[in-house]
Amino acid sequence: MIKVSVMYPNSSEATFDVNYYLEKHMPMVSDLLGESLKDSSVDLGITSGENGEPPIYVAIAHMSFDSVDAFKQSFGANLEQIQGDTVNFTDITPEVQISEIR
């Protein structure tokens, strides 16, 4: 099992529409990925480890798949539509990490 984390770095200039992301973008992604997506969640940054400092990431989406191949097949087939929707909620270029779940 793998986890794909899509992380949106925070900055004072960044814009991120949380409501759109949670109510429109993530449900669209879930629908497009179908049964290959085993689980998903979204973390919204509150603060960093430093007292009172802003969070490092505005938001982090976590999506679980059976394998990297399963992710690549489902996500790759829908990449244009998923990436095309990002202009509707942010101007941040996300960072992506694929991890093995143990």
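**Close-up views of a predicted model**

**View A. Ile98 lies in strand β4 (residues 95–100).** Strands are DSSP runs of E with at least two residues, helices runs of H or I with at least four, both numbered from the N terminus. This is a predicted model, in which local features need pLDDT of at least 70, side-chain atom pairs count only at pLDDT 80 or more, and totals for chains, interfaces and linings use all residues. Residues are numbered from 1 along each chain as its sequence is written, and side-chain values use heavy atoms, with hydrogens and water left out. Ile98 is partly exposed, at 40% relative accessible area (buried is under 20%, exposed over 50%, partly exposed in between; 1.4 Å probe, protein chains only).

**View B. Tyr8 and Tyr21 form an edge-to-face aromatic pair.** Their ring centres are 5.6 Å apart, with 80° between the planes (pairing needs centres within 6.5 Å; planes under 30 degrees apart are stacked, over 60 edge-to-face, the rest tilted). The pair links distant parts of the chain, 13 residues apart: Tyr8 belongs to strand β1 (residues 2–9) and Tyr21 to helix α1 (residues 18–33). Tyr8 is buried at 3% relative accessible area, and Tyr21 is buried at 1%.

**View C. The largest nonpolar core has 21 residues.** Such a core joins buried Ala, Val, Leu, Ile, Met, Phe, Trp, Tyr and Cys residues through side-chain atoms within 4.5 Å. Val4, Tyr8, Phe16, Tyr21, Leu33, Met63 and Phe65 have the most contacts inside it. At least two core residues come from each of β1, α1, β3 (57–65) and α2 (68–84).

Key
Rings of Phe, Tyr and Trp (its six-membered ring) pair if their centres lie within 6.5 Å; planes under 30 degrees apart count as stacked, over 60 as edge-to-face and the rest as tilted.
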